Amino acid sequence: MSFFDILSSLKLPSITDLSFREVEKTLAKESLNERDLFVLLSKEAEPYLENMAQRAHRETLKHFGRTMRIYTPLYISDYCDNACLYCGFNRNNNFPRRRLSWEEVEDEGKAIAKKGFQDLLVLTGESRSQSPVSYIAEACKILHPYFPALSVEIYPLSRGEYELLHRFGVNGLTIYQETYDPHLYDTLHPVGPKRNFRFRLEAPERGGEAKLRWINIGVLLGLGDWRKDIFILGLHARYLMERFPHCDVGVGVPRLRPYFGTPAFQPQPVTDRNLVQIICALRLFLPRLNISLTTREKPDLRNNLIPLGITRISAGSVTSVGGHRREDPPPGVPQFDVADHRSLDELVRIIRAKQYEPVTHDWLDDAL
Ligand code: SF4
């Protein structure tokens, strides 16, 4: 049974009978079930945030120690066939698009590796015609010698295509469903191949079948009802962990940021406290889950979230094509505005000051 089948028959737990007493009982339990996750994400759990944070901290230490994995993104193309209402790369936005040449890919890779990064996330806009799988595979082949940990965040692929990328050095996949609400998904994605909700939802499963080692899923907070989206995200992550035990499964919980173009919908508020509740609830539900935090968040908040359940954090991010070789902002439009511009060195200092060990990669494949 795929996660699409599970989602199609999913009934959300009722919250009519939820009480503070139930939150307390949930927090006293050793291991949590689906209903418990729902309880911890509820409004009724908000007064217990301090308690949740303490327990999330303990669980994270138990399973990950005092470590923090660090990665950086590299955008190699900004062409996109979709028109997501929340993104600067929306195909209706008129700006000069580009993709990196092989030489530029290598120069960017060298510049990033020189800064000390060893875990690279390669991104494109979603255009099969402008950045076909063959282009992405060749770019990854060039980058692989510089990065022991190499993953992609691109349009959803078939199992065979993920296997191909795997042969070219890719060991991880990030793909966000954005929202698990199919009706809202329809509205936010008015045209383009991304309208295929099911093909995107099942992409992590095809990645797992292709024996990718790292799978990262997520929703974009601010699009819909975050309590429902995070509840389903937790179930999705648990499904992947159970079905693909060879995989390191993780989630991202990015919040919507300003982007190029005219805002076409009203974002839903997700406060800093909401974000803390999300991270803690996911940690308590799935103690071994990786949780990533991007540079969409401001430095102070990122610093404070480190001990609460985050296990992977980005640094030195540039969200337009290229841009790692020089200090000037690269030409083109960013996918979204970055809120934390700190370098790898600065982030490493903060992580060490909190008595955590920064980890730039934690494994080697056979090819290296
Ligand atoms: S979110 Fe992705 S698919 Fe949508 S417009 Fe932006 S780059 Fe394209």
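Guide: In helix 6, the buried residues are V133, Y135, I136, A137, A139, C140, I142 and L143. The model is a predicted one. Helix 6 runs over residues 133-143, and with eight of its eleven residues buried it is mostly covered. The cut-off behind that word is a relative accessible area under 20%.

What covers the helix can be listed by element. Two of the partners of its buried residues are helices, namely helix 5 (102-114) and helix 7 (159-167). The buried residues of helix 6 also pack against strand 1 (67-77), strand 2 (119-124) and strand 3 (149-153).

Now the setting. The protein as a whole has 14 helices and nine strands. Its radius of gyration is 20 Å, close to the 21 Å that the globule rule gives for 368 residues, so the protein is as compact as a globular protein of that length. Along the principal axes, the C-alpha atoms fill a box of roughly 60 × 45 × 40 Å. Buried residues make up 58% of the 368 in the protein. Contacts also reach across the sequence: of those between residues at least 6 apart, 75% join residues at least 24 apart.

The ligand is another part to look at. The ligand sits in the largest cavity. Around the ligand are C80, N82, C84, Y86, C87, F89 and N90, together with G125, E126, K194 and Q335. Sorted by class, this shell has five nonpolar residues, four polar ones and two charged ones.

Two backbone details are left. Most residues other than glycine have a negative phi. E178 is not a glycine, yet its phi is positive, near 75°. E178 belongs to strand 4, which covers residues 172-178. Its relative accessibility is 8%, so E178 counts as buried, the limit being 20%.

K211 also has a positive phi, of about 70°, and is likewise not a glycine. K211 lies in the loop between helix 10 (203-209) and strand 5 (214-219). With a relative accessible area of 53%, K211 is exposed, because that word applies over 50%.

To return to the request: helix 6 is mostly covered, and its buried residues pack against helices 5 and 7 and strands 1, 2 and 3.

Definitions and conventions
Residues numbered from 1 in each chain as written. Predicted model: local features only at pLDDT ≥ 70, side-chain atom pairs only at ≥ 80, totals over all residues. Heavy atoms only, no water. Near = heavy atom within 4 Å. 1 Å grid on protein atoms, 1.4 Å probe; cavity = no way out; pocket = protein on both sides within 12 Å on 5 of 7 lines; lining within 4 Å. Sits in = over half its atoms within 2 Å of the grid points. Nonpolar A, V, L, I, M, F, W, Y, C, P; charged D, E, K, R; others polar. Helix = DSSP H or I, 4+ residues; strand = E, 2+ residues; numbered from the N terminus. Rg over C-alpha atoms; globule rule 2.2 N^0.38 Å. Buried < 20%, exposed > 50% of the residue type's maximum accessible area, 1.4 Å probe, protein only. Contact = heavy atoms within 4.5 Å.
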